[in-house]
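Visitor: I would like to learn how to read a few features of a model. Please take them one at a time.

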Amino acid sequence: MAFGITLVLSLWIYYDQRDQRAYTHERAQSLRHCLKCGRLYSAPRSEVNAPCPNCGFENSKLKF
């Protein structure tokens, strides 16, 4: 029984850490909306203004 509990806990920790590493890049992104062409895209949070990949217009972060 102790082996089963240890196995479940170790798998839980392994998959939790794997998912955390996989989504670190996505969490560092912010959503942008281009005012010129209407496209939604993501850019690094550290950038104040990011150019649209479609038309090149510089857009700021979306504020909710």
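Visitor: Does Asp19 count as buried, partly exposed or exposed, and at what relative accessibility?

Guide: This is a predicted model, where local features need pLDDT of at least 70, side-chain atom pairs count only at pLDDT 80 or more, and totals for chains, interfaces and linings use all residues. Residues are numbered from 1 along each chain as its sequence is written, and side-chain values use heavy atoms, leaving out hydrogens and water. Buried means under 20% relative accessible area, exposed over 50%, and partly exposed in between (1.4 Å probe, protein chains only). Asp19 counts as partly exposed because its relative accessibility is 34%.

Visitor: Which side chain does Asp19 meet in a salt bridge?

Guide: A salt bridge puts a side-chain nitrogen of Lys or Arg within 4 Å of a carboxyl oxygen of Asp or Glu. Here the side chain of Arg18 meets that of Asp19 at 3.7 Å, N to O. Arg18 has 39% relative accessibility, so Arg18 is partly exposed. The whole structure holds one salt bridge.

Visitor: Which residues make up the largest nonpolar core?

Guide: In soluble globular proteins, nonpolar side chains tend to be buried together. A nonpolar core is a set of buried Ala, Val, Leu, Ile, Met, Phe, Trp, Tyr and Cys residues joined through side-chain atoms within 4.5 Å. The largest one has five residues: Cys34, Tyr41, Ala43, Ala50 and Cys52. Beyond its neighbours within four places in sequence, Cys34 is in contact (heavy atoms within 4.5 Å) with residues including Tyr41, Cys52 and Phe57.
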